[in-house]
Amino acid sequence: MDIMKDIVYFKKMFFSFIFIVILFILFFLIINPFILSFTWASVIVISTWPILLFIERLLWNKRFLAVFIMLFFLLLSLVIPIVILLSSLIDNIYPLINKFKHNHINLPKLFWLIRIPSIGEKLFINYDKFISSDNILIFNKLHPYLGKLVEFLVFQAKQFTTLLLNIISTLIFVIFLYFKGDKLSKSIRKFICDFFLDQGLVIFDFIGKSVRFIVLGVLLTALIQGILSGIGLFFSNMPYTGFLTLLAILFSLLQIGSLPILIISIIFLYLEGDVFHGSILFIWSILVAILDGILRFILIRISYDIPFLLIIFGIFGGFLSFGIIGVFIGPVILDILYRSINLFIYGD
């Protein structure tokens with residue numbers, strides 16, 4: 001009799017477990033399309049929460065008005081520029097694809113070299129021999145690879161409908177978190193304090209600081225550097241300015257910086273014989289590089305002392321593992337792990 005009861009009990013437990021597992025799988029499948037949007041929204045809300053509270057105090061403690069203003073600034077500073085940039089990229093990139101796919105690279109003649117005193121004529125003769133020889137075939141061999149790279153970037157940008165849906169869902173989650181952030185914060189803090197006991201409040205505090213300072217430091221630096229680079233490219237009459245600006249922002253997010261894009265553009269302008277605009281872009285690039293170093297120091301190192309290698313490994317590892325969102329959550333995860341280990345081992 002006891003054996004039969006045990007069998008019945010085991011069956012109930014087994015089917016209950018299977019039922020719960022199936023529910024979790026279905027739950028994950030349903031929310032899977034929104035996980036990325038919710039992650040972006042969480043990063044945005046945690047980073048801008050002090051600003052929301054400050055605006056709320058200015059507006060007679062009206063959360064609705066504060067949320068409206070925050071959404072307005074988010075649209076103005078992030079969403080609209082990204083949409084415009086990608087629209088410009090999609091509209092103007094096809095000539096570049098056709099050039100890489102169907103044409104040979106014809107380097108300019110650089111007649112202006114002759115005007116250089118003493119060595120100009122010799123430089124021009126040697127350069128003319130180089131571009132007329134078989135050595136230039138190495139550039140033509142790069143065509144298939146460059147064309148595929150450009151096509152890949154355009155394919156990513158053409159997922160415009162998906163991008164807009166992700167932006168809309170992210171904004172919806174941002175609104176929800178702005179209104180319910182206080183309750184969620186209390187629940188998360190209670191859970192962390194119950195789990196980690198005495199260290200719970202400390203851990204909760206540096207999680208918020210880590211997200212806030214890393215995201216603001218990395219994102220603001222990249223956006224400012226990319227936008228300034230785009231301004232320099234635009235006034236230097238560089239073709240495909242939208243595409244190059246997008247690359248500059250991406251390189252800045254990956255902590256490579258926009259200098260590689262600017263240097264290539266400067267070389268291109270000089271090769272085209274546009275010494276005036278090339279020199280302007282050269283001076284502008286120096287100013288952008290100096291400003292980049294100052295911004296990183298101000299936005300990250302002064303506000304929150306984070307080991308530099310931790311940021312670099314977190315950014316690249318996060319990018320390779322999770323895509324562009326990993327640029328932000330990668331260093332945050334490593335920083336939280338690093339500080340948690342220090343807290344439990346050394347107590348600080």
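**Model.** I worked from a predicted model.

**Threonine 245.** I looked up where threonine 245 sits and found it in helix α9, which covers residues 241-253. Is threonine 245 buried or exposed? I read a relative accessible area of 10%. Threonine 245 therefore counts as buried, since the cut-off is under 20%.

**The α1-α2 loop.** Next I went to the loop between α1 (2-58) and α2 (63-92), where I found tryptophan 60. Asparagine 61 is in the loop between α1 and α2 too. I looked up phi for each. Tryptophan 60 has a positive phi of about 55°, and it is not a glycine. Asparagine 61, also a residue other than glycine, has a positive phi near 60°. Then I checked accessibility. Tryptophan 60 is at 67%, so I noted it as exposed, the cut-off being over 50%. Asparagine 61 has a relative accessible area of 56%, so I put it down as exposed as well.

**Helix α12.** I moved on to residues 308-322, which form α12 and number 15. How far does α12 reach from its first C-alpha to its last? I got 21 Å, close to the 21 Å expected at 1.5 Å a residue. Which residues in α12 are buried? I listed Leu310, Ile311, Ile312, Gly314, Ile315 and Gly318.

How values were computed: Residues are numbered from 1 along each chain as its sequence is written. This is a predicted model: local features need pLDDT of at least 70, side-chain atom pairs count only at pLDDT 80 or more; totals for chains, interfaces and linings use all residues. Side-chain values use heavy atoms; hydrogens and water are left out. Helices (H or I, at least four residues) and strands (E, at least two) are DSSP runs, numbered from the N terminus. Buried means under 20% relative accessible area, exposed over 50%, partly exposed in between (1.4 Å probe, protein chains only). The expected span of a helix is 1.5 Å times one less than its number of residues.
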